[in-house]
Amino acid sequence: TYTLPGGGELRPYGVAVSKEGEIAVSDKKNNCIVMFDKTGNFYRKLLQSGSEKGELICPRGVAFNSMDELVVADSKNQRIQVFDKRSGRKIRTFGCHGSLTGQFNYLHGVSVDERDRVIVTDRHNNIIQVFDEDGNFLFQFCNNTENLDKPFHCVSYQDSFFVSDWG
């Protein structure tokens, strides 16, 4: 186990590595993102617990985009938040609770592809939604056509999508 500086045991969930080799780990129990340098040494705990913009409740998936910003699946707040990895300052937020385009119901995974599209996996809506780097909806694939049943994560590689589907 790893004890966080200031107390508390790290409960890792998602992990991502920046272009510079920094490691971001989401901690859904402590409602934070823990940052390590490329040699694995702790250097910062980002974000505070809560439902205001810039705060997190139960972060799950994490990813870095081409600008080395940290993209976080803020699971219990039903939104995606993008942060400056150094300062922890919120850059943008998109999404809300629901079942329509751009809405989420228990989002789980997030990844960013080579075109900076943000790929969001939503377990309870059984859907994958794809957004541009600013959070504008582009397209989706869902249970009605792809037989998804509780998807956990999705990544894109050379215009193909690979989904881990729990059900």
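At 59% relative accessibility, Gln-158 counts as exposed, because the value is over 50%. The model described in this report is predicted. Gln-158 belongs to the loop between β17 and β18. The phi angle of Gln-158 is near 50°, a positive value in a residue other than glycine.

One of the residues involved is Val-155, whose bridge partner in β18 is Phe-162. Together, β17 and β18 form a hairpin with two residues between them, and Gln-158 is in the turn.

## The chain as a whole

The chain contains one helix and 18 strands. Its radius of gyration is 15 Å, close to the 15 Å that the globule rule gives for 167 residues, so the chain is as compact as a globular protein of that length. Along the principal axes, the C-alpha atoms fill a box of roughly 45 × 30 × 30 Å.

How much of the chain is buried? Buried residues account for 50% of the 167 residues. The chain exposes about 8,200 Å² of area, and carbon and sulfur atoms supply 47% of that area. Among the contacts with a separation of 6 or more, 39% are between residues 24 or more positions apart.

Strand β9 covers residues 79–83 and is mostly covered, with five of its five residues buried. In a regular strand the side chains alternate between the two faces of the sheet. On one side of β9 are Arg-79, Gln-81 and Phe-83, and on the other are Ile-80 and Val-82; all of these residues are buried, and both faces are therefore covered.

Which strands pair with β9? One is β8, residues 70–74, which runs antiparallel to β9 and is joined to it by five bridges. Another is β10, residues 90–94, which pairs with β9 in the antiparallel sense over four bridges. Gln-81 takes part in both pairings: it is the bridge partner of Val-72, and it stands opposite Thr-93 in β10.

Each of these pairs also forms a hairpin. Between β8 and β9 there are four residues, and Gln-78 in that turn has a positive phi of about 55°. Between β9 and β10 there are six residues, and Gly-88 in that turn has a positive phi of about 80°.

## The hairpin of β15 and β16

Strand β15, residues 127–131, and strand β16, residues 137–142, run antiparallel and are joined by five bridges. Phe-131 has Phe-137 as its bridge partner in β16. The two strands form a hairpin with five residues between them. In the turn, Gly-135 has a positive phi of about 95°.

Asn-31 is placed in the loop between β2, residues 23–27, and β3, residues 32–36. The phi angle of Asn-31 is near 55°, a positive value in a residue other than glycine.

Tyr-43 lies in strand β4, which spans residues 42–46. With a relative accessibility of 31%, Tyr-43 counts as partly exposed. Which residues does Tyr-43 touch, not counting those up to four places away in sequence? They are Glu-22, Met-35, Phe-36, Asp-37 and Arg-86. The C-alpha atom of Tyr-43 is separated by 15 Å from that of Asp-84, and these two residues are 41 residues apart along the chain.

Pro-5 is found in the segment before β1, a strand of residues 12–17. Its relative accessible area is 45%, so Pro-5 is partly exposed. Pro-5 and Asn-30 are 25 residues apart along the chain, and their C-alpha atoms are separated by 12 Å.

Key: Residues are numbered from 1 along each chain as its sequence is written. This is a predicted model: local features need pLDDT of at least 70, side-chain atom pairs count only at pLDDT 80 or more; totals for chains, interfaces and linings use all residues. Side-chain values use heavy atoms; hydrogens and water are left out. The radius of gyration is taken over C-alpha atoms; the globule rule is 2.2 Å times the number of residues to the power 0.38. Buried means under 20% relative accessible area, exposed over 50%, partly exposed in between (1.4 Å probe, protein chains only). Contact means heavy atoms within 4.5 Å. Accessible areas come from the Shrake-Rupley method with a 1.4 Å probe; for residues, only the protein chains shown count as cover. Two strands pair if DSSP finds at least two bridges between them.
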